[in-house]
Amino acid sequence: MEDVSIPIGPAPGGSERKRGSDHRSEPPLRSIKMEDYLAIIRVVLTFPPELAELPITYHLVKDFDLSLNILKAKIVPGEEGKLVLELANGEEERIMAGLEFIRSQGVLVEPVSKEITLKEEECIHCGACTAVCTPKALSLDPASAELRFDREQCIVCELCVKACPMRVIKVTF
Ligand code: SF4
Ligand code: SF4
C-alpha cells in the first residue's frame with residue numbers, strides 16, 4: 001500500500017507540510033507498519049467546505065499520538081472534502097479519542113466499509129459520471145469510448161451516483 005502524506009489545512013505554528021512544497025528537511029508523517037501496532041482503524045472523513053482548513057492530521061499526530069496513512073484525499077477549497085485515513089496506535093482508546101475530537105469539530109467520520117458498485121451491463125457509456133469524478137476513478141476509454149472504473153482511485157464521494165441518468169451506480173456497505 002502506498003503511503004501518501006497530504007496535510008489538511010495549515011498546522012498551528014505552520015509546521016505542517018503543503019502539497020508540492022519542498023519538504024526534504026521536514027520529518028515525514030509516520031507510516032503505519034502493521035506489526036508495530038495493536039490497533040489500526042480505517043475511516044472516511046467528510047469535511048464541510050467551511051472546515052477545509054482544519055488541521056486534522058496535525059491534531060491526530062500531535063495531540064493523540066496517532067500514526068497515519070492517508071490512503072486517499074480530495075480537498076478542494078470551498079468544496080466538501082473527503083479523506084480516507086488509516087489510524088494506528090498501541091491503544092484503540094487513543095484512536096477513538098482522536099476520532100471523537102474530529103467529530104466534535106463537525107467532521108463526519110464513517111468506517112471504510114462503503115464501496116461503489118457499477119452494473120456494467122446497463123451502462124450506456126454516456127460519460128456523465130466521469131464529469132463529476134475528480135479522482136478520475138471513472139473515465140471513458142479513448143479507443144473504445146467505453147466506461148472504465150479504477151476502483152483504486154475511488155474515494156467513495158458518491159457524486160457519480162446522482163450523476164448517472166441510468167442509475168446503475170450504487171453505494172454498497
Ligand atoms: S464515488 Fe464515484 S465520483 Fe466519487 S470517486 Fe468514486 S467513482 Fe468517482
Ligand atoms: S453516467 Fe451511468 S450510464 Fe453514463 S457512463 Fe456513467 S455509469 Fe454509464
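Residues are numbered from 1 along each chain as its sequence is written, while chains are lettered from A and ligands numbered from 1 in the order in which they are written. Because the model is predicted, local features are reported at pLDDT of at least 70 and side-chain atom pairs at pLDDT 80 or more, whereas totals for chains, interfaces and linings use all residues.

The protein comprises four helices and eight strands, these being DSSP runs numbered from the N terminus, with helices of H or I and at least four residues and strands of E and at least two. Read from the N terminus, the order of elements is β-α-β-β-α-β-β-α-β-β-α-β. Of its 173 residues, 26% are buried, a residue being buried if 20 or more other C-beta atoms, placed from the backbone, lie within 10 Å of its own, exposed if 12 or fewer do, and partly exposed in between. Among contacts in the protein with a separation of 6 or more, 67% join residues 24 or more positions apart, where contact requires C-beta atoms, placed from the backbone, within 7 Å.

Strands β2 (residues 67-74) and β3 (residues 81-89) pair in the antiparallel sense through seven bridges, pairing being assigned if DSSP finds at least two bridges between two strands. Along this pair, A73 stands opposite L83, and K72 has V84 in β3 as its bridge partner. The two strands form a hairpin with six residues between them, and G78 in the turn adopts a positive phi of about 85°. Eight of the nine residues of β3 are buried, so this strand is largely enclosed by the rest of the structure.

E115, by contrast, belongs to strand β5 (residues 115-118) and is exposed, because 12 other C-beta atoms lie within 10 Å. Apart from its neighbours within four places in sequence, E115 is in contact with V156 and T172. The C-alpha atoms of E115 and R151 are 8.7 Å apart, although 36 residues separate the two in sequence.

Around ligand 1 there are 13 residues, of which C133, A137, C154, C157 and C160 are the closest; a residue is counted as near if its C-beta atom, placed from the backbone, lies within 6 Å. This shell contains twelve nonpolar, no polar and one charged residues, with Ala, Val, Leu, Ile, Met, Phe, Trp, Tyr, Cys and Pro taken as nonpolar, Asp, Glu, Lys and Arg as charged, and the others, Gly among them, as polar.

Note on methods: Two residues are in contact if their C-beta atoms, placed from the backbone, lie within 7 Å.
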